[in-house]
Amino acid sequence: MRRFIVIAAVAAFAAVLTPAALAATATPFGGATVNDGILTLVSNTGDAGATNDASGATFSGTGVTLFSSITMLSSEFNVTDDDCKAGSPRFQVRVQTPSGEKNVFVYLGPAPSFTGCAANAWLTSGNLIGSSEGRFDTSQILAGTQVSTYAQALALVGSYPVTGISLVVDSGWAFPDTEQTVLVRNVRINASTFYTGETTPPETGGLNPAQACKTLRSELGLSAFRAAYGTNTNRANAYGKCVSAMARMKSDAARSSAVTRIDAAAAKCAKLGVTKKGKGKAKGLAKQTSLAACLKKTV
Ligand SMILES: [Ca+2]
Ligand SMILES: [Ca+2]
């Protein structure tokens, strides 16, 4: 019986751990958009719709369990031509208290007023966990504690489970143009990083001459690329010659398939070179010449 209980306990423990093993995700809300891998948070309280009055992103799958388990909480942010003001931007750590879910606000910007952020500049919050500044607002849990250090917040809510962590912008109303825009990148929560600014190159229907030659140069390697296209003594004019040759093709799609064809041919030629080298017949310049001769048939 005791053994069964242990097994059940282990299973239950594993079940609790499973969500932490899931991929970390960020879910934008309100008027938030993602551009080039960077989160744009807008609070526009001056236009007709209410959807963009507040914006943010909610982060999950970070492995955070209790408030005390948060070891890293940081972000880079850019207040564009606006500012930090009226408690925005801020992190919100939602905790389960005995009297329901409450938010711990963690303000970004210079303490103690959290306004006066440099415009149009990327600023970093640094790790807010452990901060001795009064940027933790726990007044939803205990009145009068809106200016708390991390240590004070930890003492108050450290043992409470975290049900959500988000980053919020909602102070458009506090600006003359009733609009606050904050860019956000490299949000770090424990071991997870969100909005790194990395982008996936857009799919294109083909390659322009410069793209085709840069692709070939990188795929073939410089010496094979020069062997294929270079015409002067040291073959240093290869790039120019490649671009001229590619420019004569009728479309980006044609160039794209040429790149694929040349790439495949180069692999075959290189194999040939290796074989000859193995027999001691093509070394140094001889090898380069044979590679050039082989590639010239293709380009
Ligand atoms: Ca609005
Ligand atoms: Ca504005």
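In this predicted model, the axes of helices H3 and H5 come within 8 Å and cross at roughly 130°. The protein has 7 helices and 12 strands, and 30% of its 299 residues count as buried.

**Helix H3 against helix H5**

- Two packed helices are described by the angle between their axes and the distance between the axes.
- H3 runs over residues 209-220, and H5 covers residues 238-247.
- H3 passes H5 in a right-handed crossing.
- On the H3 side, the contact is made by Pro209, Ala210, Ala212, Cys213, Leu216 and Arg217.
- On the H5 side, the residues in this contact are Tyr239, Cys242, Val243, Met246 and Ala247.
- Sorted by class, the contact of H3 with H5 has 10 nonpolar residues, no polar ones and 1 charged one.
- Arg counts as a charged residue, and Arg217 of H3 is among the residues that make this contact.

**Helix H4 against helix H5**

- H4 covers residues 222-229.
- The crossing of H4 and H5 is left-handed.
- H4 brings Phe225, Arg226 and Tyr229 to the contact, and H5 brings Ala238, Lys241 and Cys242.
- By class, the contact of H4 with H5 has 4 nonpolar, no polar and 2 charged residues.
- Cys242 of H5 takes part in the contact with H3 and also in the contact with H4.

**The six-stranded sheet**

- An open sheet of 6 strands has the order S1-S4-S10-S6-S7-S9, and its pairing is antiparallel.
- The edge strands are S1 (residues 25-30) and S9 (residues 136-137), each of which pairs on one side only.
- S6 stands between S10 and S7 in the strand order.
- S6 (residues 90-97) and S7 (residues 100-107) pair over 8 bridges in the antiparallel sense.
- A hairpin through 2 residues joins S6 to S7.
- Between these strands, Phe91 has Val106 of S7 as its bridge partner, and Val93 has Val104 of S7.
- With S10 (residues 162-169), S6 pairs in the antiparallel sense over 6 bridges.

- The peptide bond from Ser88 to Pro89 is cis, with omega near 5°.
- Pro89 is found in the loop between strand S5 (residues 73-78) and S6.
- Ala111 and Pro112 are also joined by a cis peptide bond, with omega about 5°.
- Pro112 has its place in the loop between S7 and strand S8 (residues 123-124).

- Tyr195 has a positive phi of about 55° although it is not a glycine.
- Tyr195 lies in the loop between strand S12 (residues 192-194) and helix H3.
- Is Tyr195 buried or exposed? Tyr195 is buried, because 23 other C-beta atoms lie within 10 Å and the cut-off is 20 or more.
- Arg235 has a positive phi of about 60°, and Arg235 is not a glycine either.
- The place of Arg235 is in the loop between helices H4 and H5.
- Arg235 counts as partly exposed, because its 18 C-beta neighbours inside 10 Å fall between the limits of 12 and 20.

**The fold as a whole**

- How much of the contact count comes from residues 24 or more positions apart? Such residues account for 68% of the contacts in the protein with a separation of 6 or more.

Note on methods. Residues numbered from 1 in each chain as written. Chains lettered and ligands numbered in written order. Predicted model: local features only at pLDDT ≥ 70, side-chain atom pairs only at ≥ 80, totals over all residues. Pairing = 2+ DSSP bridges. Helix = DSSP H or I, 4+ residues; strand = E, 2+ residues; numbered from the N terminus. Contact = placed C-beta atoms within 7 Å. Axes fitted to C-alpha atoms, helices over the stretch in contact; angles between N-to-C directions. Left-handed = near helix turned anticlockwise from the far one by under 90°.
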